[in-house]
Amino acid sequence: MTDSKQFISRAFELAGEMEDPLIAISQLVAAIDLIAEALDEDPASGAIMRIAWTVKDHIKTVESRRHEIRQLSRRLVHPDDGARNAVAA
């Protein structure tokens, strides 16, 4: 395998390795949501919810980019797979 394919392959692996930390962060945000709900009458509840929403939005962005990196890496290492998938569609 050429150096460039190794780098691309490693980028694909790294994007895959991001999945578990993103899940962990999502679970943390779910816990923050529960805390905010428990503090429903407390003025801090709104601020806590805003923090959770902001983190959720960032998670969605990172997950989208992670998915795109994996797709691009796969196409660069295995260009024939992309052509086959286009014909199948």
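Analyst: Two residues are in contact when heavy atoms lie within 4.5 Å. In this protein, 67% of the contacts between residues at least 6 apart in sequence join residues at least 24 apart. The model is predicted, so local features need pLDDT of at least 70, side-chain atom pairs count only at pLDDT 80 or more, and totals for chains, interfaces and linings use all residues. Residues are numbered from 1 along each chain as its sequence is written, and side-chain values use heavy atoms, with hydrogens and water left out.

User: How many helices and strands does the protein have?

Analyst: Helices (H or I, at least four residues) and strands (E, at least two) are DSSP runs, numbered from the N terminus. The protein has 4 helices and 0 strands, and its elements run α-α-α-α from the N terminus on.

User: How is the packing of two helices described?

Analyst: One gives the angle between their axes and the distance between the axes. Axes are lines fitted to C-alpha atoms over the stretch in contact, with angles from 0 to 180 degrees between N-to-C directions. Here H1 (residues 3–17) and H2 (residues 19–38) pack at about 20°, their axes 4 Å apart. H1 is therefore roughly parallel to H2, a term for angles under 35 degrees. Ala 15, Gly 16 and Glu 17 of H1 meet Glu 19, Asp 20 and Pro 21 of H2 in this contact.

User: What share of the residues is buried?

Analyst: Buried residues (under 20% relative accessible area, 1.4 Å probe, protein chains only) make up 16% of the 89 residues.

User: Which charged end sits over the ring of Phe 12?

Analyst: A charge sits over a ring if NZ of Lys or CZ of Arg is within 6 Å of the ring centre and within 35 degrees of the ring normal. The charged end of Arg 70 sits over the Phe 12 ring, 4.0 Å from its centre.

Definitions and conventions
Parallel < 35°, antiparallel > 145°, perpendicular 65-115°, else oblique. Buried < 20%, exposed > 50% of the residue type's maximum accessible area, 1.4 Å probe, protein only.
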